[in-house]
Amino acid sequence: MKQYLKPQSLFLIALGLIALSALGVLLYSTPEGLGLSDDSIGYIAGARSILSGQGYREAWLASNGPVTHFPPGFSSLLALIGLSGLDPLRGARFLNALLFGANAFLLGIIGWRMTRSQIAGVVLALLFTVNASLFNTHTVAMSEPLYIFFSLAAFLTFSKYYGAYSGVQELAPASGSKLPDSTWLISTGVLTALTYLTRYAGLALLATFLVALILLHDTWKKKLISAGIFLASFMPLVLAWSLRNKLVADNATNRTLVYHPLSAENIETGIYNLSAFFIPVETWRREVTKDPNVFIGFLSLITLALLIWVVYKGLKNFFQPASGRPEVLSFTNALYVFGYLASIISSMMLFDASTKFKLRILSPVYVALLILLILFGTWLWSKRTFLWRGLVVIATLFIFVFSFYDISSVVKKLHKSGQGYASFQWYDSKAMDFLSELPEGIRIYTNQPGPVYLYTNRPSYVLPDLIDPVTGLPRGGYEEGVIELQQDVLSGNAVLALFKFGAEDEDVQSIYTQLADGLYLAHDTHGDTIYTANP
């Protein structure tokens with residue numbers, strides 16, 4: 001008699017193939033390595049510093065101070081990979097490729113557990129894989145892919161805490177006065193701590209689970225005990241990191257409480273990135289966003305509908321526990337959308353003016369919205385009418401076709417050249433060659449300390465500036481800093497390297513003209529200039 005694979009085995013094989021395909025496509029798209037930004041180089045330099053035995057330090061800067069602004073999760077994992085002999089710069093590419101596949105696999109499991117449909121799980125994994133915005137997030141050497149991985153794992157363990165599945169049959173949740181097995185809740189606490197140690201925005205996940213525990217348990221005894229267990233699991237790793245920062249740098253996260261309103265430019269960036277997620281075709285996106293109010297109205301309707309749903313489900317269970325607990329994965333993801341957005345907006349307005357609504361910042365929200373989209377689709381499918389099921393099939397095919405069209409163009413573009421500081425304009429830079437040939441011991445002042453470190457393997461000094469990018473407030477000592485820089489260059493012990501990239505603004509150029517006043521222009525190619533003492 002022939003032996004056939006069980007549906008669950010076929011489902012897991014399908015998810016495995018999707019994960020391997022995701023991994024392969026990302027590797028194919030990044031032959032020159034992942035895209036690099038200033039923060040990317042900070043993570044890579046931090047990993048190299050750990051590998052060298054110096055600890056987690058700002059190796060890309062001449063000051064080489066301890067890192068507190070970036071949590072250690074991503075750099076630590078790169079350093080762990082580096083023990084094999086693979087430099088963190090190269091290791092980041094393979095790590096993010098593995099994470100892209102792993103995140104697709106975890107989303108497939110989440111879709112299955114949430115809807116009890118293996119097809120829904122496969123569709124969710126595929127939607128994630130072909131989404132250009134989320135693909136782009138994984139092609140840059142940043143901490144978001146690892147953050148998403150820990151977040152998804154935490155959502156899964158939290159749902160297991162409230163009940164496990166055997167095949168597609170849900171076991172009865174704990175009832176009466178007895179608490180569920182706390183093993184899964186402890187795992188959730190540890191995973192939430194790991195998200196915080198990857199990105200400080202992990203506090204939003206902490207708040208999400210605490211609110212969910214209060215809303216989903218049926219007695220105050222359960223609510224308080226489970227919250228206590230969760231916090232006790234979360235705190236040790238977080239306290240250890242905070243204590244380390246206090247001892248070595250006298251601050252917890254290098255953030256200062258200062259109010260700065262959201263800028264119009266930041267809001268426009270957010271609208272563009274959200275439109276890229278919801279509307280994958282560029283020509284359509286341009287038409288829709290010609291009048292931003294139309295798109296903002298669309299976002300407002302989605303936000304309001306989601307808010308009404310999550311408030312209704314949560315408060316109904318809080319006041320009427322006997323009515324039945326809402327499905328845990330969808331409910332916590334909906335809560336998380338609001339918790340995460342509140343977290344980043346408060347960070348922008350109160351702690352870090354340099355944070356913007358960039359793609360990577362919004363990517364965790366995109367993942368949660370895909371999960372909720374699958375829930376909505378399966379709800380329509382459950383209506384068992386030709387109209388609704390036909391609508392679900394057409395909408396699914398529509399999303400897949402245009403998402404695939406979008407991501408295929410992204411893959412072709414990325415395969416041709418690197419992103420950011422990984423592009424040819426940096427590794428073929430004549431200015432970098434000039435700096436690399438400077439005698440050892442010559443100090444470098446520059447507006448691009450990240451790529452200077454990356455391509456010359458030399459730490460550098462930042463320029464004096466008028467405004468602190470984190471607080472958005474005037475920085476003291478600017479004129480003294482300019483005088484000190486010029487004197488150091490004129491002494492022959494330093495050079496001033498000014499790169500055109502990111503410095504096209506007239507106000508910035510006027511500041512750079514002031515910095516270079518009285519110095520000798522020793523090198524000038526494509527707008528990249530290097531100043532030394534008079535020959």
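**Exercise 1: aromatic pairs**

A search of the whole structure turns up 32 aromatic pairs, where rings of Phe, Tyr and Trp (its six-membered ring) pair if their centres lie within 6.5 Å, with planes under 30 degrees apart called stacked, over 60 edge-to-face and the rest tilted. Before you start: this is a predicted model, local features need pLDDT of at least 70, side-chain atom pairs count only at pLDDT 80 or more, and totals for chains, interfaces and linings use all residues. Residues are numbered from 1 along each chain as its sequence is written, and side-chain values use heavy atoms, with hydrogens and water left out.

Task: work out what kind of aromatic pair Tyr-56 and Trp-241 form.

Solution. Start with the geometry: Tyr-56 and Trp-241 sit 6.1 Å centre to centre with 45 degrees between the planes, so the pair is tilted. Then place the residues: Tyr-56 is in the loop between helix H2 (38-51) and helix H3 (73-82), while Trp-241 is in helix H10 (residues 220-249), so the pair ties together parts 185 residues apart in sequence. Helices here are DSSP runs (H or I, at least four residues), as are strands (E, at least two), numbered from the N terminus.

**Exercise 2: the sheet**

Task: find the order of the five strands in the open sheet.

Solution. The order is E4-E3-E5-E7-E6, with mixed pairing; two strands pair if DSSP finds at least two bridges between them. Strand E4 (461-462) and strand E6 (520-525) are at the edges with a single partner strand each, so one side of each has no neighbour in the sheet.

Finish at E6 and E7, which run antiparallel and are joined by five bridges; His-523 has Ile-530 in E7 as its bridge partner. E6 and E7 make a hairpin with two residues between them, and His-526 in the turn has a positive phi of about 55 degrees.

**Exercise 3: the largest cavity**

Task: say which helix gives the most to the lining of the largest cavity.

Solution. First get the volume, about 60 Å³. A cavity is a set of points on a 1 Å grid over the protein atoms alone where a 1.4 Å probe fits but cannot get out, and lining residues have an atom within 4 Å of a point. Volume is the space filled by probe spheres set on the points, which are joined across faces, edges and corners.

Then check the helices: H7 (144-162), H14 (328-350) and H15 (359-381) each give two or more residues to the lining.

Conventions:
On a 1 Å grid over the protein atoms alone, a cavity is a set of points where a 1.4 Å probe fits but cannot get out, and a pocket is an open set with protein on both sides within 12 Å along at least five of seven lines; lining residues have an atom within 4 Å of a point.
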